[in-house]
Amino acid sequence: MSIGERLRQFADSKGGIVKLAIEMGISQPRLSQYISEKNDISSEVFELLVSVGCDLNWLITGKGSPNFSTKQIVSNNPSLKLLGSIPAGTGEMHLHDYVGYETIDIDPNNHELLLIDKETGDSMTPIFKPGDQVLVSYKDPVFDGCIVAAKWGNNKGAVKILVYNKDMPDYVILRSLNQAEEPIFLKKKDVKLYRVVAWFDKRKNK
């Protein structure tokens, strides 16, 4: 399945091309050109897709779900509104104005922030941009297709998409959203991987 076909699938999940175009704030003909792959998707449009809940890793690689947003926002207030319930299988959602509040426990002993480098931090745009901060977990498991902070060698590191290849069981592959960037191949024993569980766009707070 191509990027255009996945974009159409995402549009269908949002109620159709017209509704998705309205939600993104662009014209329906423009969105249709991306779906038919007559035009390449720009960084600006990638950002708009993230803002309406599209997982760019899924859109580009086919891994993940079209309804799961890669963009995760963490409130400075650890108590967030609990809006209702949603089934894990199929069934009815039960949403209200709010049901109550749930405290999000981010243990500082198991989580740390990393700043996306302002000089060399553009390989994961538009999800992360130079100057953003990512929250990494030392406890959450990593898996094929998830975003990780990787550390290897004396002082090497990068935020990338983790890829496992069954034909290379002793290696991990770290790939970028920027298709011009070459993937990084590392032996599993030589790299430490920490899952990125959330991110902060600090520029919006300025």
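This is a predicted model: local features need pLDDT of at least 70, side-chain atom pairs count only at pLDDT 80 or more; totals for chains, interfaces and linings use all residues.

Q: Thanks. Back to the tyrosine: which aromatic pair does tyrosine 138 form?
A: A search of the whole structure finds one aromatic pair. Tyrosine 138 and tyrosine 194 make an edge-to-face pair, at 5.0 Å centre to centre with 80° between the planes. Rings of Phe, Tyr and Trp (its six-membered ring) pair if their centres lie within 6.5 Å; planes under 30 degrees apart count as stacked, over 60 as edge-to-face and the rest as tilted.

Q: Which parts does the pair tie together?
A: Tyrosine 138 sits in the loop between strand S4 (133–137) and strand S5 (147–152), and tyrosine 194 in strand S9 (residues 191–200), so the pair ties together parts that are 56 residues apart in sequence. Tyrosine 194 is also partly exposed, with a relative accessible area of 22%.

Q: Okay, zooming out. How many helices and strands does the protein chain have?
A: The protein chain has five helices and nine strands. Going from the N terminus, the order is α-α-α-α-α-β-β-β-β-β-β-β-β-β. Helices (H or I, at least four residues) and strands (E, at least two) are DSSP runs, numbered from the N terminus.

Q: And what share of the protein chain is buried?
A: Of its 206 residues, 36% count as buried.

Q: Helices next. Which residues of H1 are buried?
A: In helix H1 (residues 3–13), they are Gly4, Arg6, Leu7, Phe10 and Ala11. Seen down the axis of H1, these buried residues fall within an arc of 160°, so they line one face of the helix. The arc is that of the directions from the helix axis to the C-beta atoms.

Q: What do the buried residues of H1 pack against?
A: They pack against helix H2 (17–24), helix H3 (28–35), helix H4 (43–51) and helix H5 (56–61). Contact here means heavy atoms within 4.5 Å.

Q: What about H4, which of its residues are buried?
A: Val45, Phe46, Leu49 and Val50 are the buried residues of H4. They cover an arc of only 145° around the axis, which puts them on the same side of H4. Those buried residues pack against H1, H2, H3 and H5.

Q: Which residues touch the most other members of the largest nonpolar core?
A: Leu31, Leu49 and Phe128 do, in a core of 37 residues. Another core lies apart from it, with ten residues, among them Cys146, Ala158, Leu162 and Leu186. A nonpolar core is a set of buried Ala, Val, Leu, Ile, Met, Phe, Trp, Tyr and Cys residues joined through side-chain atoms within 4.5 Å.

Q: Now the strands. Why is S7 largely enclosed?
A: Four of the five residues of strand S7 (residues 171–175) are buried, so S7 is largely enclosed by the rest of the structure.

Q: Which strands pair with S7?
A: Strand S6 (residues 156–163) runs antiparallel to S7 and is joined to S7 by three bridges. Strand S8 (residues 184–187) pairs with S7 in the antiparallel sense over four bridges. Two strands pair if DSSP finds at least two bridges between them. Leucine 162 stands opposite leucine 174 in S7, and tyrosine 171 has lysine 187 in S8 as bridge partner.

Notes. Residues are numbered from 1 along each chain as its sequence is written. Side-chain values use heavy atoms; hydrogens and water are left out. Buried means under 20% relative accessible area, exposed over 50%, partly exposed in between (1.4 Å probe, protein chains only).
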